[in-house]
Amino acid sequence: MYGGDEVNAIVIDLGASAVKAGYAGEESPKVHFPSCVGAITRDKDAAEAKANGGAGDARDVEMAEAGADASTTPKKESDAGSKSKANGSDATRDLYVGHFALNYRRENMEVVSPFDEETGLLSDWDLVENIWRHTLTDRLHIDPTEHPVLLAEPNFNSKECREKSLEILFETFQPPAVFLAKNACLSSYSAGRPTSLVLDVGYKSTVAAAVHDGYLLQKSVSRSRLGGEILTDCMQRSVESKGVNVRPRYAFKRTESKQNKGTFDVKDLDDYKGTTTESYHRWSVEQIVSDLKETVCRASENVFNEEEHANIPTVAYELPDGTEIQVGSDRFKVPEILFNPGLVQTFPGAEAIANPGGLPMQSVTSLVMESIARVDVDVRKELYNGIILAGGSSMLPNVRERLEREVLEQAPGQARVKVIASQNVMERKFGVWIGGSILASLGSFQQCWMSKQEYEEKGASLIHLKAP
Amino acid sequence: MASAAGTPVDDACVLKFKELKSKRKFKYVTYKIEDSTIVVGNEGAPTASFDDFVEALPENDPRYAVYDFEWETKDGCKKSKIVFVTWVPDTAKIRQKMLYASSKDKFKRELDGIQIEIQATDFSEVEEQVFRDKCN
């Protein structure tokens, strides 16, 4: 048992698009950065050549943004942690973790994710370790051996993944204690409903799961491929089909005109061509389109109809390079995908949307219905009455109202349907993290930790008993 | 984890509940978490009405409550059940919500004899009709 009143636990929520981390007991996470990582693979020869020449890297350092927080500047060769064997071959790779490190374009830098495309679970443990190190040491500036760590985990996490997480945490960072908690449980706690149905609209997928008295009902977990990524992708296709070229930030330089104050000159930078990787380009563009989506999109109150919405007033949005675009019916059409996934096909080139995990393209409403149908009849009524909406992609206006209406139409007559979504932006966006923050700071929770000693005596598999 | 994480319960809580259950000394009892212990909030005389009970629930703060619910079935038969209510309004502070949510399970188990349970987040969920639907 791990105890004491002042535990100063750290809560980490490593999501598909962003890492949220901070101290337990606080109201919002201290640290928030993308969960994908920049990686430059160098084979042995190149690494040696660079050690001799070293010119390329000197330039990198020079050009790094002046405003960048010193703590987030990526570590170079001197730090063994950021350099690692890739795929067991002779090649090594330099990793760049965090927002600033990633925003700066580097030659041949790929953007990679620690999650497996197929399962949606953590698979590149080398990246995970670096993300945790960046979080604990570079951003929170703490000594990991002094703080217990609570990790939020996906509802469908596998036993192997849980054990591996523990192994790496305990062996590498040696925290005094660790606990794993399911996303859905944390969301339901932060909404004050220990029995509820949590619909988490994430980046890579959407998950519906029933929580009963604080425990996840495993058989109720159902997933759909829909998520923020697809919405952003469709938004981009729609914008590009209108002839707009979304220029990533690294591809141009924008300065205030000397002659005309208040106007800007945009100059294309050419030297990026050829050395920028495809994945980095995609990531940079996605950042811009994602912001566009969050700014202009809203769910339609009723089923979307292209003709009816054709006369909607357009909304203007200025891209970083100063191009102004007008968004009309797509404002409603893009979020409509959540309710009617078939619409994806109407976006140009949408066949190309990757779906390696083979997850169904299921609407959020049918996901809720399916999840509820899988649990005991006795609990269903209570679940209809407490559907909690969570996840970054559920933040678009009107999604809550629309979901409530659709579920009400399909639910059995006597059921009272209520969709709960916090009005507070922070509570919505960081719901899982906040749940973890409060759980880890409760005095009565302290007996639940799995301590380092227990790990050493009983091994990682004990976690399945400690945190079912 | 819900069962393991529980706030300590003041002895008076169980005592009052037993008086409600066996001697029918109260119509309802509310409980609150104060200084990280569950203590008795207030209690209603046996003659108290349903509205009195609703008034005992604060607008912006969570509470637990037990209510001795009596009703008449269609064939005129009088019945009663003890209802456990978790009152967590949407407007409550998130820390409070969390605290009440995580302590509920263990607390409920200390009160032996609860037949029905209701989770409420706004006043539309604490109406006589809702209680009756639940009990039937």
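These legends go with close-up views of a predicted model, covering the contact between chain A and chain B and the largest cavity.

**View 1. Chain A meets chain B.** Here 31 residues of chain A are in contact (heavy atoms within 4.5 Å) with 28 residues of chain B. About 2,700 Å² is buried between the two chains, and carbon and sulfur atoms give 55% of that; buried area is the accessible area (1.4 Å probe) lost on putting two parts together, summed over both.

**View 2. A salt bridge between Asp122(B) and Lys418(A).** These two side chains come to 3.0 Å, N to O. The interface of chain A and chain B has four salt bridges, taken as a side-chain nitrogen of Lys or Arg within 4 Å of a carboxyl oxygen of Asp or Glu.

**View 3. The side of chain A that touches chain B.** Strand S9 (177-182) and helices H6 (183-190), H11 (377-384) and H14 (431-441) of chain A each bring at least two residues to this side. H14(A) gives the largest share, with five residues. (Helices are DSSP runs of H or I, at least four residues, and strands are runs of E, at least two, numbered from the N terminus.)

**View 4. Inside the largest cavity.** This one holds about 150 Å³, the space filled by probe spheres set on grid points joined across faces, edges and corners. A cavity is a set of points on a 1 Å grid over the protein atoms alone where a 1.4 Å probe fits but cannot get out, and lining residues have an atom within 4 Å of a point. Of 15 lining residues, Leu122(A), Ala152(A), Glu153(A), Pro154(A) and Ser165(A) sit closest to the centre. S8(A) supplies the largest share of the lining, three residues.

**Notes.** Residues count from 1 along each chain as its sequence is written, while chains are lettered from A and ligands numbered from 1 in the order written. Local features need pLDDT of at least 70, side-chain atom pairs count only at pLDDT 80 or more, totals for chains, interfaces and linings use all residues, and side-chain values use heavy atoms, leaving out hydrogens and water.

Methods. 1 Å grid on protein atoms, 1.4 Å probe; cavity = no way out; pocket = protein on both sides within 12 Å on 5 of 7 lines; lining within 4 Å.
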